Amino acid sequence: MLNKKIEKRRIATMITATVIVVCAFLATNATIFYYKYINANLNLQSDHEKRAFFLMDKYLYMFKQMGEDEQKYAEFLSNNTMGETYLLRFDKQAKLKIVASSVSSDIAESFLQNECGLIYNHDFKTDYYKHTILGENRIKVCYFVNTGKYIIGYRHMMSHSINGIDDVYFKEWLVKNLTPSFMISFILALLSGLIALWGINKYFDNKIEMINGRIKFKKNIKQMKDLLYIDPVTKLSNKIALMSSLKELDKPKIVVIDIDDFGMMNDYYGKEICDEILMYIANLIKEFAKNENMRPYCIGADQFALVENGEFFIDRYEALATDLTSKFKGRLITIKDEKTGENLEIEVHTTIGFALDEKDTLMKATTALKVAKTAKKDFVCYFKGLNKKDEYTAQIQRSILIRQAIINNTILPYYQPIFDSSLNIVKYECLIRISDNGEIVSPYVFLDVSKRIKRYAELQKMIIQSAIDKLNNDPNLVLSLNLSGRDMLDGDVSVFIIRLLNQYNVADRLILELVEDENLENVERIENFIDKVKNIGVKIAIDDFGSGYSNFSYILKLRPDYIKIDGTLIKNMDSNKDSYKITSAIVSFAKDLGIKIIAEYIHSREIFDICIELGIDEFQGFYLGMPTDKIGHVS
């Protein structure tokens, strides 16, 4: 449509330009005509024929006055005439010959032949008169008269005038005077017209190209916006579009819907099938959003969001979440597999999180979704306690603490003594600490964070190295060292331990305390490591026995040298009968298997006496000795 308008304007402009050029051409020629016509009319000379006859009479008169003497007349012609004047006569062959002229004979012959050539074919029974009208209001006259024996004539250029358009010579004058200017102005007008038309075409071609370029640019911008703001699979607005829209909302409410186990579905069914699932879910969400007057978005590979701007009504959003759950929970979707032609029935479940706060609404809705997934609930509404920001802030601070400790080598071993029943120190437990500007930081502060930031193995290797070095430097020292299932399954840490044990002759004075973690469920996987270190001479202890994964079958599989009873049982034996009975049963079981018992968390004399009474072998706790950075010093 736009190009048609431009084409119409092009044609109109070309017609206008043509009209202007034609008018300029006509005006130019009219001006030239008027100028030359006025000059022709202003010429005060008499009629050219009368002047020609008068001039001829003069030449005839002078010739007769000179007695028709050829020599005298020749002198007269050379000195007193203007133009070209000739004296001719017929020779014996009846051919005209020049007797005298106002110009040299050779030039005279040429002039007569070129300008008045027909004179040689004239019989001169009558006078020879010929005129040719020239431009610039001039006329050329050839006039010859027979005097009997001689022929007198001339060729002269004279001024020419006309008496108006009715003049007998007007047409001839018009052609001669205006033809050159007409042709020149016509050529100039033609060139100007062609140049103007070329320029107009070029201008409109450039304009069309510019407009088409602008249209193409706008299309490209739209495509880029689509790529930037539209999800390519579901064709819904994406997370970037949502973040942009949230800036315009003063009371945003967001519901986030996540397809459960979509990653596994993608691995099982493949991308093409799962894209079909996404499009199907997207259409359902789009329809739901339309009915509820909300905006739908696709904010992740398997996550959707519903957004509206409104007041806080918790009941409405719980009802919405319930409706969405019922709409998607266990929904069977039939998808045709293009490769096999088979119809697949796929069951889809979703989890929902929503937030009604006006600030950081999307983040809070996402947090609620994570909580719902963790708690295996259909939906969760965000509330203040769900916020993990403070926890993450603390993690960042502890991450910095760990990084600086590794760089500055401020990872310290602390040693807590372990006593026999006679209160003699039999060994020490090597514990990890960090020195932070003179302050000693407990592992409870940084150990879990080190695992999340993948620095745990570095810390563990540093404390293991310190313990081995200490044993190597003190041949009478016995140390126990905490080791988790994670450490035994980590090839880096386990290989590091075995390499050090093979390098230094300290294995028989090292006890590895197996600390409870989720990896200890896989007892079979860590038996290989335990067999290797026991063959080298290391002794094994079960730490915190009586809690978590620790059980009697666990002891039979790992065949430890020591059992360290969990502190939660030991510390309450003086006031809790159940703790006493469980501890007694563990001691009896261990005695039968020849395993030594260590009681930790000895915090009073009463607890120590009860442990002696039960037959426990070794003792550890703040009552007996606190961890310090020195061996042999009991605090």
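In this predicted model, Ser-435 has Ile-440 of strand β15 as its bridge partner. That pairing belongs to a meeting of β14 with β15, where three bridges join strands that run antiparallel. The two strands make a hairpin with two residues between them, and in the turn Asn-437 has a positive phi of about 55°.

Strand β14 has other partners too. Strand β13, residues 411-420, runs antiparallel to β14 and is joined to it by nine bridges. The hairpin of β13 and β14 has four residues between the strands, and here Leu-423 takes a positive phi near 65°. With β16, β14 pairs in the parallel sense over three bridges, and Glu-429 has Ser-480 as its bridge partner in β16.

**The pocket and the cavity**

Glu-429 turns up again in the largest pocket: together with Leu-431, Pro-443, Tyr-444 and Asn-482, it lies nearest the centre among 40 lining residues. Elements that give two or more residues to this lining include β14 (425-436), β15 (439-441), α12 (443-452), α13 (456-473) and β16 (479-484). The pocket has a volume of about 1,100 Å³.

How many cavities of 30 Å³ or more does a search of the whole structure find? The search finds one. Its lining is made up of Ile-464, Ile-468, Leu-481, Ile-497, Leu-500, Leu-501, Leu-510 and Leu-512. Two or more of the lining residues come from each of α13, α15 (491-503) and β17, and α15 gives the most, with three residues.

| Feature | Volume | Lining by class |
|---|---|---|
| Largest pocket | about 1,100 Å³ | 18 nonpolar, ten polar, twelve charged |
| Largest cavity | about 40 Å³ | eight nonpolar, no polar, no charged |

**A sheet with antiparallel pairing**

Elsewhere in the chain, five strands form an open sheet in the order β2-β1-β5-β4-β3, and the pairing is antiparallel. Its edge strands are β2 (96-101) and β3, each pairing on one side only. Neighbouring strands are turned by 20° against each other on average, direction ignored.

Inside this sheet, strand β1 (residues 84-90) and strand β5 (residues 150-159) run antiparallel and are joined by six bridges. Thr-85 stands opposite Tyr-154 in β5. Helix α2 (residues 48-65) lies across β1, β3, β4 (138-146) and β5, running at about 140° to β5. Helix α3 (residues 70-80) packs on the sheet with contacts to β1, β2 and β5, and its direction makes about 160° with that of β1.

Leaving out residues up to four places away in sequence, Thr-132 touches Ile-139 and Lys-140. What separates Thr-132 and Ile-195 in sequence and in space? They are 63 residues apart along the sequence and 38 Å apart from C-alpha to C-alpha.

**A sheet with mixed pairing**

Another open sheet of five strands has the order β7-β8-β6-β11-β12, and its pairing is mixed. At its edges are β7 (295-298) and β12 (379-381), each of which pairs on one side only. From one strand to the next, the twist averages 15°. Strand β11, residues 350-355, pairs with β12 in the parallel sense over three bridges; among the residues involved, Phe-354 has Cys-381 of β12 as its bridge partner.

Here, too, helices pack on the sheet. Helix α6 (residues 239-246) touches β6 (252-259), β7 and β8 (303-309), with a direction that makes about 140° with that of β7. Helix α8 (residues 271-292) also touches β6, β7 and β8, and its direction makes about 10° with that of β8.

**The annotated transmembrane regions**

Finally, an unreviewed UniProt entry places the feature "transmembrane region" at residues 12-35 and 182-200. In the model, residues 12-35 are 100% helix and 0% strand, with end C-alpha atoms 34 Å apart. Residues 182-200 are likewise 100% helix and 0% strand, and there the end C-alpha atoms are 26 Å apart.

Methods
Residues numbered from 1 in each chain as written. Predicted model: local features only at pLDDT ≥ 70, side-chain atom pairs only at ≥ 80, totals over all residues. Heavy atoms only, no water. UniProt positions renumbered as here; feature names shortened; annotations may be inferred. 1 Å grid on protein atoms, 1.4 Å probe; cavity = no way out; pocket = protein on both sides within 12 Å on 5 of 7 lines; lining within 4 Å. Points joined across faces, edges and corners; volume = space filled by probe spheres on them. Nonpolar A, V, L, I, M, F, W, Y, C, P; charged D, E, K, R; others polar. Pairing = 2+ DSSP bridges. Axes fitted to C-alpha atoms, helices over the stretch in contact; angles between N-to-C directions. Contact = heavy atoms within 4.5 Å.
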